[in-house]
Each structure stands twice: as C-alpha cells, then as structure tokens.
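Biologist: I would like to learn how to read a model like this one, feature by feature. Could you walk me through it?

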Amino acid sequence: MSAVLESSVVGNPTSPYPTAKGLTIAIAGNPNAGKTSLFNALTGLRQKVANYPGVTVESKVGQWTLAPELPAAKLIDLPGLYSLDATSLDEEIARDALLGRNVAIATADVIVIVVDATNLVRNLYLATQLIETGQPIVIALTMFDLAERSHLNINVAKLSEALGVPVVPVVAKQRKGLDDLAKTVLRNARPSVICDVVSPLADAQPATRQSKLIQRYAVIERIVSDAVDTADEGKPNISERIDRFVTHRFLGPIILVVVMLLVFQAIFSWASLPMSLIDTVFTGLGQFAKTHLPAGVFTDLLTDGIIAGVGGVLAFLPQILLLFLFISLLEDSGYMARAAFLVDRLMRAVGLHGKAFVPLLSSFACAVPGIMATRTIENPKDRVATILVAPFMSCSARLPVYTLVIAAFFSGRKFLGIISLGAVLILAMYVMGIIVAIVIAWILKHTLLKAPSPPFVMELPPYRLPDLGNVGHALFTRCSIFLKRAGTVILAISILLWALAAFPRTASKAPDAASVQVQNSFAGRAGRFIEPAIKPLGFDWKIGVGLISSFAARETIISTLSIVYNVGDDSENKTSLVDAMRNAKRPDGSPVWTPLVGLSLMIFFLLACQCMSTVAIVRRETNSWRWPIFMVSYMLVLAYVASLITYQGGRLFGFS
Amino acid sequence: MTLDMIPKDVTARVAAVESTEGQGLRLMEMGVVPGARVRVVKSAPLGDLIQVCIRNYHLALRRAEAKSVTVVLE
C-alpha cells in the first residue's frame, strides 16, 4: 500500500475513505429538534456565519474535531426542515444543500440528522426521506434524557437496524454521546451523491402523493412501535399547563403586551449607558487624532470620516445586542411561537401571517435581521409584503434623530401638564410607523401581492429553559456580523460621505471655514440643488445636505448637521448642535428650525427608507433589484407626502 | 365530523385528510395522517386558530385547515 493511502486512513482503520483532508459534514433536522444545541456542543466557539455570494444562503459553519489526530471537520448547520418537499425558503435552502444541488455549499461526506427522541414519528418522516436518497447518514438522537424521563424506552440498536443507518443517542448540554457520534461519523464517511430528485412527492397525482405519504408514516409507525415502549400519552404536560396562562383568552394578550413593553423598556434604558460610553470613546479618539496628527486631508478623513462615521454606527451595538438577547431568549423558551399564535388573527386582518410577528418585532431594533427572519414565512407573497413593511417599524437608528429634534424644540414641555411631550412624540412615531405598516400591508395584499389567505400550520414547541450557551452563541454571531458590517460597508460609506462634503477643497482661514467648505462641496451643491423640492416640507439646503447623507444611514444626519453648522467636534457635540439649530436663520431673518419643521423632519425619517443596509438585504433576500427599488421609491413618496401634509397643514392651522 | 368541530380535550382519530392544494400535504407531513390520534387543546383568542396535540407534540392550525381533516371520535 502506498504511503499516501496509508496516511489517509489514519484513525479510521475500518473505512478506506480518506479523512486526512478533513471531512465536510452537514447537520440537518426538524425545527426545534435540538440542532443548534448539538452544533454548539460539537464546535464550541469555532464557528462563523458564512455568506455564500450570489445566493440567499446564510449558514453557520463550524469546526468539529472528530479525532485528535485528524484535521477538524467542517460542520455545516442547515436551517430546520420538516420534509424534503420544501414549503418555505429556509426549507428549500436546507433541501438543496442536503441533496447536493446547491453549488455554493460543499456536498457532505456525512449528513448528521438530528432526531428528537421525544417526537420520534414525526422527526423520522424527514429522516426516512433522506435515508432513501442514498446519502451517507448518521442519526443523532437528541433529547434522549427527556425521553427517558417520560418513560419512553427506546431500543437504539433495534431502531438503527430497522432504519438501516447508525443511531447515536446524545444529550448535547451534558456532552453525552458526542465521542460516540464522532466515531460513528468517521466510520460512515463517504462521498454523498448529487440527487436529481427535486422532492420525493413531486410530479405525482394528489391521490398518489397522499398514499405515498401515508405509506411512509405506516412504515415509521411500525418501526417505532417495534423499537419503543411508549409511555402513556395524552396527559397534559408542563407546556400545556403553562399555555393555560400564556395563551389564555384574556391573560395571553396582556402577557404579550407586558413582555413587549419590558423588552423595549430594557433596550432603551439599559443601553443608554454603554451607548454614551462608546460615543465618549470615539469622540475622545477623534480629538486625540486631531491634536496629535498634522492638520490636513488625511487627518480630516480619519477623524471626520472614519472615526466619526464608524463610531456613530457602533454606538448602536448595545441596543442591537440587547434586542437579540431578548429575541433569542423568547425564541429558545418557545414563547415566540405562542406570540405568533396569539396575534395571527390580528395579522390576518391586514393580510399578513402570524409568523410575520417575529420579523416585525425584530425590526424595531434593526430592519436587517427582521427581514432575514422572514424566511420562515412559506408564502412568497406574504414574505415580500412583510419585507416591504418591516422598515416602517421605528428602528434604533431613528432614535438619535428623534432625540435631537426633541432636545432642540420640545424639551421641558409637558403634554396634558404631566407627561413629557418628548416621550409622547417618540411613542407617537412608533405608533404611526405601525399604523402605516398596517395600511400599506393591507394595500399591498389587495393589489400587487394579492394571494388567498395564507394557511397556517405551525408547531408549538414545548417550553424549555433557554440554554445560556446557545443564547451567548447567537449574540456572539450577531455581534460579529454587525462589527464586520461596520468595518466594511459602513466604513466605505463614511469615507464616501466625508469625501462628498470635503471636496472640492475651499482654502479659507476664516472662523467658519468648515461651514464654507461644506457649502461649496459636492454635498453642499447637492443640498442646494434639492432645496426647491424640500422647501415645501420646511427644510432648507443645510437640512437637504443632511437628508442626502442620511440616505446611506439615518443617524449620519447628525454628524452631517454638525459639520454644516460648523459645530466642531471639540465641545459637547449635541448641546452645541442644538444651540446652532435654534439660532439658525433664513436669509430673511426668520428661524430655519421651528417645532413644526422638527416634526416634519421626524415624520420624514420615520417613513423614508434611508438605510443602505436595508436596501442591500432586501436585494439579497428577494434576489432582484425590483423590490428594493420599489421599496425605496414608495417609501420616499410616502415620506414626502406625509411631511408635506404635516408642514403645510400645520401652517394652515397657525402652528409654526 | 371534522377536526374544527370536536370540543376541547376530546380525543379523536383522523379518518381522512383532504388535500387538493399543497397545504393538506403539509398537514399530513406533520403527522396528521389517517389513524393518528388527535386532541384539541384550545382555540386562540379571537378564535381563528386551534391548537391540537398529535403524536406527542402541539400543532397550531387554522379552522379552515382543520375543516379538511375528517375525524372519528374515540
């Protein structure tokens, strides 16, 4: 035997399959079957989210050490699916990867199918479908401890024999059975086949499809009843008892509202300290660079472009992390499915699906993860409708704009004598966003995206105590995605915006040099160019510059206005910007900013789609430029009209 | 009798599932096949969805979909 071959079978004497190069292993299974827990237990922190270019795939890839002497295997975590006959985008992605039909994902040497031991029959539906395709398969039997506790005595050897593939019981949290799983995977590695089966039930007549499906279930039932001593069924379990309160006719909606209020309260109050901390650090960094570097274009680029731009966006990291913390806690505990169950009727009234609730809720932090979460919605038209209204949820990037306007023109004022007017205004923005989303969704579902009322078949997973390790992993992943974005796209946009405001250079030594510079820059010229169009909204050209720059990201308007008003970075930024805004005068001597102008601006920011990241994600998720272009245009028209009505209507009623 | 008609906490057996469109198929893929035992757990507030227990897990479906499932009381 040659040396090459000998080295290739190290640690794997029973199989001739070369493992030296490192295996590729896919992990698949039903949603809620414990796939993520197993993935995290196998890979630890050695995982990252991989984006495959050109396709709508985002899947987690980790490294799994099968044996110490072998290179780590590449473990691919696929979205959950119930059947190879996919009904949602998530399922299609998983199916195509499993059948070797997705060129962007490497075909697996072994597919680990996660099967929930407490829910064998339904989980085996997918497993048997996959076994029939002839792929190399190992079944990981999760929740084995829970099954034992509820007196389901599973004869693993018998089950394995009947299915014709190895079955390994595991308890991911306690790391039980993981070594066994690794050994079994090594023994069963071989190249997978590329299947031309699109879906097992396709092409057949409805009656044939039904009978095929019933036959499969009959086979599974026989296998399971042979291998398992079933415990008594039908007793209400703990989840059902919890549901008596959580999805109670009256208590349920109250609990839902309280949970949402708590989440938002936490996001806004807990995040403020780390946010101002990040802000302080970056302001300090900018000052440090300014004082220690020679003045010039490069220093300006570094301080005004890079540090200010990236820092301004990073300040939102605490809020985004907190929101993801709550979302993953709610998701892992099983509550999210109950929320969808509770609100489905309301969502259906506007033509959306109960499952649209989670994406829309996420969009209050940031529309990007919200839009990605729409992949679980089966009907493509429902999914697009949800994507198109998600940006109306007031995201965290709008808050700085609201806060600035309120600080400048509404601070200290009371509504009805007791409540702060600022709080009322912010609440009004949130509510208005929701109402607009409802109206637009209704219109879309009755015109462009007309489709019969979507069906609703959803599993209500048992309540489980969220696993802090899993939640930590999810946060870590989100955090790194966000940081990567801040380091690439947002960095590039910041530099571009800075350049637009910094060129062409105006040589001036006057005290208002920066202001003059902006006035003559490309951005300033653009602001003047659009001034006639935005004048009816109450905006002058300086606000116009802010609007243009904020089309990349909303919060940019603050740094732009600071530059335009020549506030400078040295003093406390916001207070001086507020003063500058209060003192700004039009050529005729009247103030530029009035409370009405501020309100008009807030409404414009609520309704316009000023976010490059959102546009990019919509492009990726819908796989065309059609929807992102449509979204940006209709939202812009809506924002313009609403601001126009606010400003002109307000003036008509004598406000200023 | 169809699944949307049986009262809360009553166990029935699935007799047939009508599936002219894809959705009946999904219900069956989720385990709602003839012979399976099913129990209605509750209906959602505002009453459009029902929650059933089948094959040891819980499933939410609309009344319209439940109508396509013929059941026999045990």
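Predicted model: local features only at pLDDT ≥ 70, side-chain atom pairs only at ≥ 80, totals over all residues.

Biologist: How do strand β1 of chain B and β5(B) pair, and over how many bridges?

Modeller: Strands of a sheet pair through backbone hydrogen bonds, either parallel or antiparallel. Here β1(B), residues 11-17, and β5(B) pair in the antiparallel sense over five bridges. Two strands pair if DSSP finds at least two bridges between them, and strands (E, at least two residues) and helices (H or I, at least four) are DSSP runs numbered from the N terminus. Residues are numbered from 1 along each chain as its sequence is written, and chains are lettered from A and ligands numbered from 1 in the order in which they are written.

Biologist: In what order do the six strands of the open sheet come?

Modeller: Read across, they run β12(A)-β4(B)-β3(B)-β2(B)-β1(B)-β5(B), with antiparallel pairing. At the edges are β12 of chain A and β5 (69-73) of chain B, each of which pairs on one side only. On average, neighbouring strands are turned by 40° against each other, direction ignored; axes are lines fitted to C-alpha atoms, for helices over the stretch in contact, and angles run from 0 to 180 degrees between N-to-C directions.

Biologist: Which strand of chain A pairs with β4(B)?

Modeller: Strand β12 (residues 457-460) of chain A does, in the antiparallel sense over four bridges. One pair to look for is Leu460(A), opposite His58(B) in β4(B). β4(B) also pairs with β3(B), antiparallel again, over six bridges, and there Ile50(B) has Leu61(B) as its bridge partner.

Biologist: How many residues of β4(B) are buried?

Modeller: Six of its six, so the strand is mostly covered. A residue is buried if 20 or more other C-beta atoms lie within 10 Å of its own, exposed if 12 or fewer, and partly exposed in between, with C-beta atoms placed from the backbone. Tyr57(B), Leu59(B) and Leu61(B) point one way from β4(B), whereas His58(B), Ala60(B) and Arg62(B) point the other way, and all are buried.

Biologist: What lies between β3(B) and β4(B) in the hairpin?

Modeller: Two residues do, and Arg55(B) in the turn has a positive phi of about 50°. Most residues other than glycine have a negative phi. Arg55(B) sits in the loop between β3 (49-54) and β4 (57-62) of chain B, and with 21 C-beta neighbours inside 10 Å, it counts as buried.

Biologist: Where is Arg175(A)? Is Arg175(A) buried or exposed?

Modeller: Arg175(A) is in the loop between β8 (167-169) and α7 (178-187) of chain A. Its phi is near 55°, again a positive value in a residue other than glycine. Arg175(A) is exposed, because 11 other C-beta atoms lie within 10 Å.

Biologist: How many residues of chain B are in contact with chain A?

Modeller: 32 residues of chain B are in contact with 34 residues of chain A; two residues are in contact if their C-beta atoms, placed from the backbone, lie within 7 Å. On the side of chain B that touches chain A, α1 (22-29), β2 (37-43), β3 and β4 each supply at least two residues. α1(B) gives the most, with seven residues. By class, that side of chain B has 15 nonpolar, nine polar and eight charged residues; Ala, Val, Leu, Ile, Met, Phe, Trp, Tyr, Cys and Pro count as nonpolar, Asp, Glu, Lys and Arg as charged, and the others, Gly among them, as polar.

Biologist: At what angle do helix α19 and helix α27 of chain A pack?

Modeller: α19(A) (residues 421-446) and α27(A) (residues 595-607) pack at about 45°, with their axes 10 Å apart. They are therefore oblique to each other: under 35 degrees is roughly parallel, over 145 roughly antiparallel, 65 to 115 roughly perpendicular and the rest oblique. Met429(A), Met432(A), Gly433(A) and Val436(A) of α19(A) meet Met602(A), Leu606(A) and Leu607(A) of α27(A). Six of these contact residues are nonpolar, one is polar and none is charged.
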